[in-house]
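These are my notebook entries on one structure. I looked up its sheet, then its pocket and its cavity.

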Amino acid sequence: MKIIKYPARETWEKIAERPHMDLSELNATVEDVLSNVKSGGDEAVKRYEEKFDHVALQHLAVSAGEIDEAGKLVSKELIDSIQLAHDNIARFHEAQIFESKKIVTCNGVTCWQKSVPIEKVGLYIPGGTAPLFSTVLMLATPAKIAGCKEIVLCSPPNREGKLNPAILMAAKIAGVSKIYKAGGVQAIGAMAYGTESIPRVYKIFGPGNQFVMAAKQRVSLHDVAIDMPAGPSEVCCIADEDSNAVYVAADLLSQAEHGIDSQVLLICTDEKKLNEIVEQVNTQLLKLPRREIAEKALGNSNFVLVRDSSEAIDLANCYAPEHLIISTKDFEALSARVVNAGSVFLGKYACESAGDYASGTNHTLPTHRYALAYNGVNLDSYNRKITFQYIDEDGIRSIGDAVVCMAENEQLEAHANAMRIRVNDVKGNK
């Protein structure tokens with residue numbers, strides 16, 4: 001980790017930079033895989049599963065028997081925990097249900113919106129070094145609440161051709177029935193284009209490695225919508241002299257263990273506390289099973305000493321983190337000044353892990369500074385708003401002449417005429 005003391009504001013953009021990768025070779029691989037899946041369907045997916053996940057699959061679909069078998073492999077304690085998390089996530093997202101209102105914008109003109117669920121959505125769930133069964137809950141639960149008719153889930157199998165049993169149990173609890181064994185770029189391609197087994201969807205959700213993210217962005221250009229552009233996980237933590245160094249260090253490491261290209265940023269207003277946190281990071285790091293991954297992530301990371309909490313929140317807003325933890329005595333005042341963040345955690349007990357699993361908020365969030373313009377997944381992510389308007393004769397009298405005038409001045413005569421003939425008819429009916 002790099003320690004930076006009292007950086008000038010003109011250097012903050014540099015501090016906010018994320019790790020960079022040469023993506024030229026990666027993009028070529030992604031293009032090749034997507035093209036082959038588009039033309040080759042199931043057989044191409046199976047071929048890439050054998051190449052990348054080292055498993056020869058007879059069938060891509062997960063059977064009911066495999067789901068039943070998974071139920072016997074997952075402990076009751078974990079099932080109960082998944083159920084608790086699901087219930088909290090459902091409660092939070094149900095509160096986001098849209099209520100339409102008809103608005104009379106002027107005499108004779110009524111406008112309104114209707115929220116309509118996306119009919120077919122695809123969920124990508126990473127399997128790799130950390131099978132993210134929690135992400136099943138985060139993506140499938142709001143999809144069910146929204147009323148999506150078809151929810152397709154893809155996740156990479158292990159070398160025995162099985163999906164992680166906790167992923168299958170989370171899918172069962174969340175109400176997903178169409179589950180497929182496909183990982184990486186081939187899974188994104190299958191959901192974007194459709195294969196003999198895997199249905200084509202209209203929008204793809206879910207995190208993944210650099211290959212998955214590149215594939216999502218590629219298919220979003222012409223073929224399917226995606227939840228958001230994203231990259232490796234990250235956290236920013238603001239601390240002061242009252243912060244618990246043990247807690248803060250644990251929070252920083254909880255993100256560092258995600259992957260070698262993850263990043264953490266500590267912003268601290270007290271030098272003594274910053275040094276305590278550094279000491280705690282080094283101590284706790286030694287005990288982590290994913291120590292090597294966390295160490296490499298810390299190499300991408302900055303610990304910054306600033307003058308006061310005002311400067312701290314300004315720097316955090318510049319960084320625009322996926323996760324922002326404000327672990328200071330004035331967290332409530334600082335929270336009012338947050339403008340760029342995916343999800344915010346307030347006070348010393350609100351660890352980012354709570355949001356990752358069971359508090360109820362969604363953990364699928366914008367990374368790589370996309371929080372400057374994007375929000376995380378919520379119920380609206382699974383809906384479209386369709387606008388309606390009804391205009392009667394009074395409405396033509398209210399807006400008709402203005403519409404004709406504006407269309408004529410934009411030199412769009414057909415537009416002007418479409419309204420003009422109605423205006424003339426209404427005036428003739430007087």
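I took two strands to pair if DSSP finds at least two bridges between them. Strands (E, at least two residues) and helices (H or I, at least four) are DSSP runs, numbered from the N terminus. The model is predicted: local features need pLDDT of at least 70, side-chain atom pairs count only at pLDDT 80 or more, and totals for chains, interfaces and linings use all residues. Residues are numbered from 1 along each chain as its sequence is written, and side-chain values use heavy atoms, with hydrogens and water left out.

Entry 1, the sheet. I found that β4 (residues 120-124) and β5 (residues 150-155) pair in the parallel sense over 5 bridges. G122 has V152 of β5 as its bridge partner. I then noted that helix α8 (residues 210-219) packs on the sheet and touches β4, β7 (203-205) and β8. Contact means heavy atoms within 4.5 Å.

A pocket is an open set of points on a 1 Å grid over the protein atoms alone, with protein on both sides within 12 Å along at least five of seven lines; a cavity is a set where a 1.4 Å probe fits but cannot get out, and lining residues have an atom within 4 Å of a point. A volume is the space filled by probe spheres set on the points, which are joined across faces, edges and corners. The largest share of this pocket's lining, 5 residues, comes from α8.

I found 1 cavity of 30 Å³ or more. The largest cavity holds about 60 Å³ of space, and its lining includes R18, Q210 and H368.

Key:
Axes are lines fitted to C-alpha atoms, for helices over the stretch in contact, and angles run from 0 to 180 degrees between N-to-C directions.
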